[in-house]
Amino acid sequence: MAFPPILAPSLLAGDHAHLADSAKIAADVGTDWLHLDIMDGHFVPNFSFGPEVPAALRRAGSKQFFDTHLMLDEPQRYIEPFAKAGADSISIHIEPAYDHAATLARIRALGCQCGLVLNPGTPATAIESLLGQVDLVLVMTVQPGFGGQPFRRDMLPKLQQIDRWRREKNLKFRLEVDGGIDLTTAQECRSAGADTFVAGTSFFRAGDRQAYAAAIAGMA
Ligand code: DX5
Ligand code: ZN
């Protein structure tokens, strides 16, 4: 495996009246990453929050790695606001029509890492030609829009395919999964090549979050 496993707790499942407290809960288990889900009510049928939330978390003292997942029809319009708000990584979906390569380059030019995201219905081939330009590939293991949905086991072959290309082409991007991740499904994704695990519901509802984080970090 190219990278040690990383847990990225999803703030969407935190307490939206106390997001800084939820971010701190994630930091306190010793994981550096925090996953921020940005939804526009168009690309997905739900809303979450805008760049003012990461900016406010930074002001509140968060030093976490902000793994920012843009679920937007026109992500190219919002790269700068999120970079300025403190995003460390910005991931954009491949499905909408815009200049993906130019947007990835813009993200990097602003000093952030960049990622590409695939919905469950999108084949791995949709991003194959862009793999050399990314720091991260995010394979959605639910249809995005809401937390708490069941894991799509039929996404495992897609992970295996992207992991195979990564090795064959000697590329260095992280392979992330998002949606329905718990300790069981994370292990299945790990075996299929994933190294970065977004967890909302299962993390925030875990009885012992420290043990949860340790179990992810300890996966073979
Ligand atoms: C889904 C979001 C996810 C979500 C995952 O649209 O992209 O990041 O927070 O939530 P769980 O872990 O509850 O499936
Ligand atoms: Zn997400």
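This is a predicted model: local features need pLDDT of at least 70, side-chain atom pairs count only at pLDDT 80 or more; totals for chains, interfaces and linings use all residues.
Biologist: Which residues come nearest to ligand 1?

Modeller: There are 20 residues around ligand 1, and the nearest are Asp-37, Gly-145, Asp-178, Gly-200 and Thr-201.

Biologist: What does the side chain of Asp-37 do there, in terms of distance to an oxygen atom of ligand 1?

Modeller: An N or O atom in the Asp-37 side chain is 2.6 Å from an oxygen atom of ligand 1. His-69 also has a polar side-chain atom by a ligand oxygen, at 3.4 Å.

Biologist: And Gly-180, which part of that residue is involved, and how far is it from the ligand oxygen?

Modeller: For Gly-180 it is a polar backbone atom, 2.8 Å from an oxygen atom of ligand 1.

Biologist: How much of ligand 1 does the protein bury?

Modeller: The protein buries 98% of the 380 Å² that ligand 1 exposes when taken alone.

Biologist: Which pocket is that space?

Modeller: Ligand 1 takes up the space of the largest pocket. Strand 2 (33–39), strand 3 (65–71) and strand 8 (196–199) are the elements that each give two or more residues to the shell around the ligand.

Biologist: Which of them gives the largest share?

Modeller: Strand 2, with three residues of the shell.

Biologist: How does the shell divide into nonpolar, polar and charged?

Modeller: Eight residues of the shell are nonpolar, 10 are polar and two are charged.

Biologist: Changing topic to the loops. Where is Asn-170?

Modeller: Asn-170 sits between helix 5 (156–168) and strand 7 (174–178), in the loop there. Its phi is near 55 degrees, which is a positive value in a residue other than glycine.

Biologist: Why is Asn-170 put down as exposed?

Modeller: Because its relative accessible area is 58%, and exposed means over 50%.

Biologist: What about Ala-206, buried or exposed?

Modeller: Ala-206 counts as buried, because its relative accessibility is 17% and the cut-off for buried is under 20%. The residue is in the loop that runs between helix 7 (201–204) and helix 8 (209–217).

Biologist: Next, Asp-135. Where does that one lie?

Modeller: Asp-135 belongs to the loop between strand 5 (113–118) and strand 6 (136–140). Its relative accessibility is 23%, so Asp-135 counts as partly exposed.

Biologist: And how far is its C-alpha atom from that of Gly-86?

Modeller: The two C-alpha atoms are separated by 17 Å, and Asp-135 and Gly-86 are 49 residues apart along the chain.

Biologist: Which loop holds Gly-61?

Modeller: Gly-61 is in the loop between helix 2 (52–59) and strand 3. With a relative accessible area of 35%, Gly-61 is partly exposed. From Gly-61 to Ala-26, 35 residues away along the chain, the C-alpha atoms are 13 Å apart.

Biologist: Last one, Arg-153. Where is it, and what is its relative accessible area?

Modeller: Arg-153 lies in the loop between strand 6 and helix 5. The relative accessible area of Arg-153 is 46%, so the residue is partly exposed.

Biologist: How far apart are Arg-153 and Ala-214 in space?

Modeller: They are 24 Å apart, C-alpha to C-alpha, and 61 residues apart in sequence.

Conventions
Residues are numbered from 1 along each chain as its sequence is written. Chains are lettered from A and ligands numbered from 1 in the order in which they are written. Side-chain values use heavy atoms; hydrogens and water are left out. A residue is near a molecule or strand if one of its heavy atoms lies within 4 Å of it. A polar contact is a pair of N or O atoms within 3.5 Å; within protein, one must be able to donate a hydrogen and the other to accept it, and residues adjacent in sequence count only if both atoms are side-chain atoms. Accessible areas come from the Shrake-Rupley method with a 1.4 Å probe; for residues, only the protein chains shown count as cover. On a 1 Å grid over the protein atoms alone, a cavity is a set of points where a 1.4 Å probe fits but cannot get out, and a pocket is an open set with protein on both sides within 12 Å along at least five of seven lines; lining residues have an atom within 4 Å of a point. A molecule sits in a cavity or pocket if more than half of its atoms lie within 2 Å of its grid points. Helices (H or I, at least four residues) and strands (E, at least two) are DSSP runs, numbered from the N terminus. Ala, Val, Leu, Ile, Met, Phe, Trp, Tyr, Cys and Pro count as nonpolar, Asp, Glu, Lys and Arg as charged, and the others, Gly among them, as polar. Buried means under 20% relative accessible area, exposed over 50%, partly exposed in between (1.4 Å probe, protein chains only).
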